[in-house]
Amino acid sequence: MPPSRNRFLIDAAILVAAIAVPIAMALRAADFSLKPLEDAAMLMQYADNVAAGYGFVWYEGGPRVDGATDFLSVMLLAGLRWIGMGIEPATRFLAWFCHVASLAVLAGYLRYRQGLPLAVTAAAVAFVGLATGPFLIAAYFVTSVYALGVTASAIAWQEVRRLPDSTWRCALLGFSCLFMGLARPEGVLVSVFLWAAVLFELGFRRALRALVWSTLVMLILGGAYFLTRWSYFGHPLPNPFYVKGGGTLHWPGLRMSVRVTAQFCYPFLVAMLVPFFVRGARWKGAVLLMPLVASTLMWVLMSDQMNFARRFQYPTLFLAAVSFAPAVTTGVTLGAWNSLSARRHLAAAAFALIALGAMAVQWRESVRHVYMPDGRYPIGVMLNEYKDKDYRLVTTEAGLLPFYSRWDAVDAWGLNDPWISQNGGVTLKYLNDFDPHVIVFHATFSPATRKRARLRREVPWHRMILVLEQYATAKGYVLAAAFGHSPHDTMYYYVAPDFEDSAELVQRIRETEYQWGAFTLEPAHNYAVEPRPARDRQGAIPHAKDLGMPGR
């Protein structure tokens, strides 16, 4: 067998292990038997409705709304549903496929295009694989589709940097950026950051071909998509952007983004500082950092809600992994890389040893992102038994309950309701017109607390739950349950009193062994039945933040 083939097989075996071992570890650490998290279930519901021919709607017969911002993922899942796959296995299949593809493309690029030593390549790929990607898949998120787009776009950007006069490389950058923008709206911003980096590094004249080809692809195909979706939905931006953006700067989201990006990418960030210590390479080092820094800072524009397992920043890890190789090779080459072959291998070995520690830290952070069974799932399954009776649901929990119940529903927070998102929130009149049979909302109070003592109308979430409670009490709804481990963090279930199955639903909701909260398997207490405060060992009433529960 030729030596070159032997070497390739050894490379392939080690790189496959660098991909497979983290996956095997995640399969043991995460519980893949659990049902989707809230936002993941929302996307799956859209895909189901598109596959069924109802259009891009949240429920059958509902208004057109793009509450699922992952447009490409919805369409791919709808295609898998159309060929006969169930929505849950289709979601996992798509997510795993794109996850493995992203890591494989990254490994091939670092090893064979950038020429990094095998140990460094394997360590880098394993470090990325040990991040939260598999834990996102366990929760049914398809973030890996966007991550694949980021990986392809970052590689295309590097190819354009290498040969800016190559037409096919410039076109590849345009098509990969289009894929990234269709996968997630923020992909459009990342595309702009990549083009800006090309322009700053090469100058306008040398970058003209790349910018023209990329812009043509985005303007013709991306523009056609943008105008079509604007016409279809009636507004230019995805519906959640009107709720989570709010036209303000989100400093907590920025702080979270900076912290998480540093945690995700710190080995690559350290390596990307190499050019700054080599004369003549500092400008190229700065250019390589530009898209990564901008992709981190852009989250000041959006709320950090539902950033489970840091899924908003996770794709940035692939951008950093692609960018660190040219930063290192640029700096070391200009610093006489070729004359230090022995030291180069010593450096590679040292990097691999350091990377083992980095991988251990990465894994320790990743395994923290697990979640427990959710009582909204069994309630949704129970409500599904009544789906043919045209009952209606209003809820702030727009994932599991609507998806598994299949009731006509209003998302009171507005992520899946164009009227609420663009009219300042839900109103009493809007609720009265919809006339729900069940109202569910996530509250910061319970019958065991002074309900309004901690609520402020200037806080949108507080204002919403006050409207929902006011409507329910004014209409005489029965408080079936206020589930929670803390009286300051509960899930309210109100049932209308005047329909055929009202009493039965109240009883069945109360009988549900409801699990609530991310850190315990203990059933939640129903404060509607027994309004006593939960007590810790010292007899104090625990606050939600003391239990690790997220605030609004």
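Predicted model: local features only at pLDDT ≥ 70, side-chain atom pairs only at ≥ 80, totals over all residues.
## Basis

Residues are numbered from 1 along each chain as its sequence is written. Local features need pLDDT of at least 70, side-chain atom pairs count only at pLDDT 80 or more, totals for chains, interfaces and linings use all residues, and side-chain values use heavy atoms, leaving out hydrogens and water.

## Gln114

Gln114 sits in the loop between helix H4 (87–113) and helix H5 (118–129); helices are DSSP runs of H or I with at least four residues, numbered from the N terminus. With a relative accessible area of 14%, Gln114 is buried (under 20% relative accessible area, 1.4 Å probe, protein chains only).

## Pro240

Pro240 belongs to helix H10 (residues 239–244). Pro240 is buried, at a relative accessible area of 7%.

## Cavities

The whole structure holds four cavities of 30 Å³ or more. A cavity is a set of points, on a 1 Å grid over the protein atoms alone, where a 1.4 Å probe fits but cannot get out; lining residues have an atom within 4 Å of a point. A volume is the space filled by probe spheres set on the points, which are joined across faces, edges and corners.

The largest cavity has a volume of about 280 Å³. Among its 22 lining residues, Asp39, Thr69, Asp70, Arg184 and Arg311 are the closest to its centre. H2 gives the most to this lining, four residues. The second largest cavity has a volume of about 110 Å³, and H11 provides the largest share of its lining, five residues.

Technical notes. Helix = DSSP H or I, 4+ residues; strand = E, 2+ residues; numbered from the N terminus. Buried < 20%, exposed > 50% of the residue type's maximum accessible area, 1.4 Å probe, protein only. 1 Å grid on protein atoms, 1.4 Å probe; cavity = no way out; pocket = protein on both sides within 12 Å on 5 of 7 lines; lining within 4 Å.
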